[in-house]
Every structure is written in structure tokens, then in C-alpha cells.
Amino acid sequence: MAFNWFQRQHQDSSDTPAAEKQEVTPPVTEPQVDPTEDLLAFAKSAYKNIQQKQQASPVTTAPEVADVEAQTIETVLDTAPVVSEVALTAELDVETANNLDSGSLDAATPEPTAPSNLSFLERAAAERQAKQERLIAAAIEVAQPEVVTPATTAETTPDQEALAFDEGFLWSAEVLAAQGRRAEDISVEEITWLKKLRQGLDKTRRNILNQLKAIVGQGPLNQAAVSEIEAALLQADVGVEATDYIVNTLQKKLLAEVTPPEEAIAYLKQILRDMLDAPLQKAPSFSFAPEKETLNIWLITGVNGAGKTTTIGKISHLAQKSGYKCLIGAADTFRAAAVEQVKVWGQRSGVEVIANPGKNTDPAAVVFDAIAAAQARETELLLVDTAGRLQNKKNLMDELGKVRRIIDKKAPNAKIESLLVLDATLGQNGLRQAQVFSQAAQLTGVVLTKLDGTAKGGVALAVVQQLGLPIRFIGAGEGMEDLRPFSSYEFVEALLSG
Ligand SMILES: Nc1nc2c(ncn2[C@@H]2O[C@H](COP(=O)(O)OP(=O)(O)OP(=O)(O)O)[C@@H](O)[C@H]2O)c(=O)[nH]1
């Protein structure tokens with residue numbers, strides 16, 4: 001059974017009251033399961049459970065080609081008038097479905113005019129048939145719904161993968177145990193993701209941790225030690241502002257007392273978690289999920305190449321698997337290839353894409369179509385791809401402003417999020433771009449991509465400190481499963497656990 005990432009805490013069957021489970025951020029104390037034996041027993045039990053679940057559930061096979069095609073027929077809408085085109089497409093769908101039901105499409109091609117020797121009813125039926133054929137033909141000429149060819153190779157999902165009981169598994173189990181999770185509730189997806197995250201942050205971690213370990217715990221911090229910590233953080237692209245804050249906070253404690261290395265690192269972890277969670281202090285809940293049975297519209301912004309399209313594909317997959325009705329609006333009309341790319345991702349995740357085949361079409365028109373389609377389908381999550389490479393800030397602001405006005409007008413009750421996708425490998429340079437976007441779009445959060453293999457993982461702290469925005473998702477790979485909701489606890493553990 002698919003693991004629901006959006007409801008992670010709600011899924012565990014522990015006795016924790018629901019209100020407490022809302023908090024994704026786990027207890028700030030270090031794991032109580034310190035005795036290695038306890039941890040080993042926990043990990044073994046979790047491992048056994050996962051194996052049993054894998055054996056009990058049949059291996060998910062590659063989806064049938066026909067199934068994928070049926071799911072991923074892209075609704076291509078013509079330009080103006082958009083709404084009537086949606087209606088026409090819907091009408092045609094219904095009529096076509098009726099025909100398929102009655103098998104009438106198998107009948108011989110109807111004559112353009114009904115033969116006179118037929119009864120009145122027969123003539124009317126024949127005329128209706130002919131009219132419908134003309135409508136279908138016209139629709140095909142004008143805007144034929146494209147069937148995106150499904151990927152030939154099915155992606156392996158974590159629940160199909162053989163899981164090794166290795167050091168990464170132990171570490172992941174420890175991180176989950178520290179968050180109060182029970183061995184029987186741990187999913188293979190969580191373990192696979194945590195292993196990947198830790199591996200992705202390996203370079204950043206090694207750089208920071210080796211230096212920190214050599215410094216902290218050797219007695220009260222002196223100026224040379226402070227400079228070394230600063231250098232380590234700056235090299236990890238934590239940024240000057242965030243580094244200053246971290247060092248100052250750390251100094252207050254470490255200058256005054258002799259702290260053992262483990263305790264000093266634990267204290268540092270606490271500082272980082274607090275920084276990452278700071279923008280959420282005023283939010284009603286730490287968790288970030290679309291609201292059920294409501295239209296949620298998430299605008300995905302960011303410069304081209306940051307990973308916007310990939311992120312849309314991954315979030316749509318996540319949402320689909322977590323039981324949300326999802327739709328994608330391909331409003332990055334600035335670059336034709338972007339629309340094609342988003343279609344491919346829609347196909348991979350089995351989510352419909354609303355696009356507009358015309359060249360240089362107005363993104364606001366696509367958003368209008370997408371909202372109309374979302375409302376007609378009772379979609380819960382509409383993901384909107386937007387253009388990143390516009391000539392200047394004014395263009396960007398104008399375009400995003402127009403899109404926003406359409407949303408406010410057409411879907412005044414929708415829950416809107418505006419997420420900025422940032423490429424972690426760009427470090428501080430990415431942040432400068434982010435500032436332009438934060439002025440143009442009313443950003444509500446950040447998606448940090450490409451955390452796999454970068455030595456600049458510390459940029460997450462700079463993002464939060466400088467933009468004052470929460471990180472909502474992080475990406476650590478190009479695959480469909482390589483993006484997850486952000487957890488400050490897990491991120492900091494992956495960043496600083498040796
Ligand atoms: N290693 C790694 N690569 C990623 C990640 N996310 C995206 N990418 C890659 O980054 C490249 C750009 O991603 P896109 O999703 O096309 O970026 P975009 O912002 O939509 O840019 P355009 O397609 O030009 O509009 C692709 O090759 C992705 O596979 C990630 O988390 N890790």
C-alpha cells in the first residue's frame with residue numbers, strides 16, 4: 001500500500017493524541033534509545049515488519065500501457081473562448097463514452113444525409129450520428145486530445161526494492177525512533193528516503209562535521225575555534241547572516257562552559273532546527289499538505305533549470321499516491337519545451353495536464369482553463385508551472401501578477417500557495433535569484449532541489465534566514481520518489497550525524 005507522506009504523523013498507530021501528531025517536528029531532545037542494543041532491537045523489528053509487509057503485498061507491476069494512456073490523456077484546449085472549449089471537450093467525452101457504451105462507433109460510417117426510405121426516428125438518429133462525427137472530426141482538426149505515449153520502463157518504487165539492513169538502515173531507524181515512531185509503523189519509503197537524504201548530504205556533512213568535531217568539546221571556544229566554525233559553515237553555503245547567528249548563539253553557551261563534543265553537536269543541531277522552523281512559528285500547523293475536498297492551487301515558480309517541472313511531476317506523484325485528486329496546469333508558455341516536459345511528467349505520475357497548444361499563449365489563459373477543468377473535476381490539488389526566464393523583473397512581476405489575479409477571481413475560495421523552487425547547487429547565487437522572485441510573487445514557501453551530492457547543503461539555512469520562508473519540500477535526486485515534504489529534524493540529522 002502506498003505510504004501517505006502528507007499525513008505521515010497521522011498514520012502511525014501510536015497512542016499519541018492527534019493534536020500532538022500534527023507537529024511534524026519531533027521532540028527536540030536527543031534520542032532516548034541511546035543504548036545500542038535498544039536501537040538494534042528497534043531496527044531489527046522495523047526491518048522484519050517491512051519485509052513482512054513486502055511479502056504480504058503483491059509486487060506492483062508496471063502499469064498496463066492502456067491504463068497509463070487512459071489516465072494520462074492530456075486535455076489540450078484551444079485558445080478562445082476557453083470555457084466553451086472545455087465544455088465542448090466534456091460534451092464530446094460524454095457523447096463518445098455513450099457511443100462506446102452502445103457500440104455505435106463500430107457501425108458503418110454514416111452517410112452525410114439520412115436516406116429518405118428511413119423512418120423519422122431512424123433519420124433523426126442517423127443525422128445525430130453524422131453531426132457527432134462532424135463534431136469529432138472538427139475537434140480533432142482544431143484541438144485533438146493528445147495521448148502521451150507512456151514510458152516504456154516502469155520506475156521501481158521503494159516498496160518493490162530489496163532493502164539492505166545496513167548502516168544507512170540503522171541510522172534511518174534511529175532518526176525515526178527519535179521522533180517517537182513505532183517499529184511496526186515504519187515504512188520502506190521512509191527508510192529509503194532517509195538513506196538517500198543522508199547520502200545526498202554526505203559531502204556537506206563531512207566538510208562541516210569533521211571540522212566541528214575537531215573544535216567543539218576541546219574546551220571553551222577561543223577566537224581561532226570560532227573562526228574555524230565560521231569557515232566550515234560558510235563553505236557549506238550557510239551564508240554570512242545565518243553563520244553569524246549560529247556562531248553567536250553557539251558562543252554564548254560554549255564560551256561559558258566546557259561542553260563534551262556530543263553535547264555541543266546536539267546543541268548546534270537544536271540551533272539549526274530552531275532556525276529552520278522559525279518561519280512556521282505563526283503557522284497553524286508545521287505540516288504542509290493540501291486540504292482535502294478543497295481546491296488547493298500551488299503556483300510553482302523559479303528560474304528555468306532549478307527543477308520546477310521535475311518538482312511538479314514529483315509532487316503530483318506524491319499527491320496522487322496520497323489520495324488527492326490532482327491536475328497540472330502547463331502555464332510556462334514562454335518556452336515550448338517546458339510544456340512538453342511537464343506533459344511527460346504528468347504522464348509518468350498519471351496526472352492530467354491542461355496545456356494550450358498555441359505558440360506564445362497567455363499563461364493566465366492556461367491558468368483560467370486549468371481552474372475551470374479543476375473545478376469541473378473536483379480537483380483537490382492544481383499544480384501550476386510558471387515561466388522562469390522572463391527578460392526582466394517587470395515582465396516577471398506582470399505575468400505572475402496576472403496569473404494571481406485570474407486565480408483570485410476564478411477561484412476565490414481556493415487555498416493558494418506560491419512555492420519557489422531553488423537549486424541547492426547554486427548556493428548563494430541561487431538566493432540572489434530568489435530575492436527577485438520573492439519581490440514578484442507572493443511566495444509562501446521554498447522547494448530546495450538537487451541536495452544530492454552537493455557540498456552546499458547548508459544553503460537551506462541561508463534560504464530560511466534570508467528569505468524568511470519555510471522550506472516545504474526537498475529534492476535529492478532526479479527520480480519520481482526523490483522529493484519529500486521537508487522535516488527540519490531529519491534534515492539536521494542528515495547534515496550533522498556522523
Ligand atoms: N540531481 C538532481 N537533479 C535534479 C533534481 N531536481 C531536478 N533535477 C534535474 O535538473 C534539471 C532541470 O530540471 P527541470 O525540472 O527541467 O527544471 P525547470 O526549472 O523546470 O527548468 P525548465 O525545464 O528549463 O523550465 C533536470 O535535468 C532534472 O532532472 C534533484 O533533486 N537532483
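Visitor: Which residues of H17 are buried?
Guide: In H17, the buried residues are Gly430, Leu431, Ala434, Phe437 and Ala440. Buried means under 20% relative accessible area (1.4 Å probe, protein chains only). This is a predicted model, in which local features need pLDDT of at least 70 and side-chain atom pairs count only at pLDDT 80 or more, while totals for chains, interfaces and linings use all residues. Residues are numbered from 1 along each chain as its sequence is written, and side-chain values use heavy atoms, with hydrogens and water left out.

Visitor: What covers the buried residues of H17?
Guide: The cover includes strands E3 (296–301) and E7 (415–423), along with helices H16 (393–410) and H18 (459–467). Contact here is heavy atoms within 4.5 Å. Helices (H or I, at least four residues) and strands (E, at least two) are DSSP runs, numbered from the N terminus.

Visitor: How far apart are the end C-alpha atoms of H17?
Guide: They are 19 Å apart, which agrees with the 18 Å that its 13 residues (428–440) should span at 1.5 Å a residue. The expected span is 1.5 Å times one less than the number of residues.

Visitor: Now the ligand. How many residues surround it?
Guide: 18 residues do, and the closest are Asn304, Gly305, Thr309, Thr310 and Glu478. The cut-off is a heavy atom within 4 Å.

Visitor: Which helix gives the most to that shell?
Guide: Helix H13 (residues 308–321), with four residues.

Visitor: Where does a polar side-chain atom of Thr310 lie?
Guide: It lies 2.3 Å from an oxygen atom of the ligand. For Thr309, a polar side-chain atom is 2.5 Å from a ligand oxygen atom. A polar contact is a pair of N or O atoms within 3.5 Å.

Conventions. A polar contact is a pair of N or O atoms within 3.5 Å; within protein, one must be able to donate a hydrogen and the other to accept it, and residues adjacent in sequence count only if both atoms are side-chain atoms. Buried means under 20% relative accessible area, exposed over 50%, partly exposed in between (1.4 Å probe, protein chains only).
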